[in-house]
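Here is a short report for a first look at a protein model. Keep the sequence and the 3D view at hand while reading.

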Amino acid sequence: KHIGNLCNMIRKPLTKCERSKLVALITIEVHARDVQDRMISLKTETANHFNWLSQLRFELIDDPAEIAAGQQGLPQKCVVKQTNTTGPYGYEYQGNNGRLVVTPMTDRCYMTLTTAMYLKRGGAPAGPAGTGKTESVKDLGKGMAMYVIVFNCSDGLDYKSLGRMFSGLAQCGCWGCFDEFNRIDVAVLSVVAVQIMTIQAALREEKEKFMFEERMISLKKTCAVFITMNPGYAGRSELPDNLKALFRPVAMMVPDLAMIMEIMLVSEGYKDFKVLAKKMYTLYMMMMQQMSKQCHYDFGLRNIKSVLGCAGALKRKEPEMPEQILLMRAINDMNAPKWVSQDVPLYQALLGDIFPGCELPIPDYGKLEETINQVLVEFGCQRVAHSIAKCISIYETKITRHGNMLVGGTLGGKSVCWRTLAKAKTLLKASGQEGMEKVVHQIINPKSITMNELYGAYDLATMEWT
């Protein structure tokens, strides 16, 4: 009933701040309801039952150090418990941030990570891209109110720069999550193992100060180091054994997509979420199995998240429209432009099977289409229906995504399409059309400059990123 009330609230016009607050609340409440259902069905009757112990629990206790010192009556402190481990609550200000959909895999990940920290070890979630490794670490940090710093590792890192980061983490007591740690050079990793071992040894001995890289530094016992890895990708190295021993591994291979879709549809305000989540999950599974294997196809969690975000925006824009058509439109708008021609008939057949009797409304791009035709004539090109459709696809994709990639063979018309769209948008802005902006473009040939010039690099002399 409470979740139903929240869902009714989210369908009303809200500010961005209120909406993100409600989405986070619904996500947490749905998880709480699922946990209760599971405990009832498994007959969890005592506080020592594993089903109860395996949850992240918060308790107020008297500080043992204060009791030993004979200082009674001071405020109790909050601790976080899971299985047989106890950890401090961080009291880090959280703000109005989103929360992760907690699936059974996330629960197992949390259990491993909290046990690893209790044993003064690190945690190492491993698995393919887009399975929620980094997000799980960040969300556990939100749950325990810890400040989490995420750092994406590259092969340009050396042991000195990593040492400075570890030194900072130890002194301020926050968590560090090093993404794609196995990209770092093996020679560097073996030195890093010694640095992490020094910090973990100091934590086990409960020291307040310890010697790190020839400097005496203070140590806050809440600090922790997590690493995430993508095994088996190009440019990734195997971790040395002395480093492996310091981290508890967590395999995160296949996220529970059906459950994630369902909870995200609830939080976007869809009433018929169970049926729609099932339809969407079935469609994605069938597309994954039956469509040709192209390197730019993506049926992972990131794609699903952006499709559901788009579906939520459509729902708010047109609340009276049937929900099936809104979801179908979101899936189509986000995915249709990237299918290669041989897959289009199959995709349309699958869409028709999963959403029977639903017709996609054909959007009207009157003014934009006219201007694109006019620009093509200016450029001295033929007005081919296919290239006009592709210009409109680029326009649609630009609305929902920051970065876009045009894929195709030489002389396929990629440059013509984006140049035409840029000129058309500039002309429409000049004529006072709403929602259009003047387009300024810079062309860079990535082959003409080095990786360091393109992305920046770590200067070993000054220890600065340049």
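## Basis

This is a predicted model, in which local features need pLDDT of at least 70, side-chain atom pairs count only at pLDDT 80 or more, and totals for chains, interfaces and linings use all residues. Residues are numbered from 1 along each chain as its sequence is written, and side-chain values use heavy atoms, with hydrogens and water left out.

## Whole protein

The protein has 18 helices and twelve strands. These are DSSP runs numbered from the N terminus: helices are H or I with at least four residues, strands are E with at least two. The C-alpha trace spans about 85 × 60 × 45 Å along its principal axes.

Of the 466 residues, 41% count as buried. Buried means under 20% relative accessible area, with a 1.4 Å probe and protein chains only. Take contacts (heavy atoms within 4.5 Å) between residues at least 6 apart in sequence: 70% of them join residues at least 24 apart.

## Helix 10

Helix 10 covers residues 257–267, and nine of its eleven residues are buried, so the rest of the structure largely encloses it. Among the buried ones are Leu 257, Met 259, Ile 260 and Met 261.

Which helices do the buried residues of helix 10 pack against? They meet helix 1 (2–10), helix 2 (16–41), helix 5 (104–118), helix 11 (273–290), helix 12 (301–317) and helix 13 (323–335). Just after helix 10, Gly 269 takes a positive phi of about 90°.

## Helices 15 and 16

Helix 15 (residues 366–378) packs on helix 16 (residues 385–400) at an angle of about 125°, and their axes are 10 Å apart. Helix 15 is therefore oblique to helix 16.

On the helix 15 side, the contact uses Leu 368, Glu 369, Ile 372, Asn 373 and Leu 376. Helix 16 brings Ser 387, Ile 388, Cys 391, Ile 392 and Tyr 395.

## Thr 228

Thr 228 sits in the loop between strand 9 (224–227) and helix 9 (241–244). Is Thr 228 buried or exposed? Thr 228 is buried, because its relative accessible area is 2%.

Leaving out residues up to four places away in sequence, Thr 228 touches several residues, including Pro 125, Lys 133, Cys 177 and Phe 181. Thr 228 and Gly 123 are 105 residues apart in sequence, yet 8.3 Å apart in space, C-alpha to C-alpha.

Conventions
Axes are lines fitted to C-alpha atoms, for helices over the stretch in contact, and angles run from 0 to 180 degrees between N-to-C directions. Angles under 35 degrees count as roughly parallel, over 145 as roughly antiparallel, 65 to 115 as roughly perpendicular and the rest as oblique. Buried means under 20% relative accessible area, exposed over 50%, partly exposed in between (1.4 Å probe, protein chains only).
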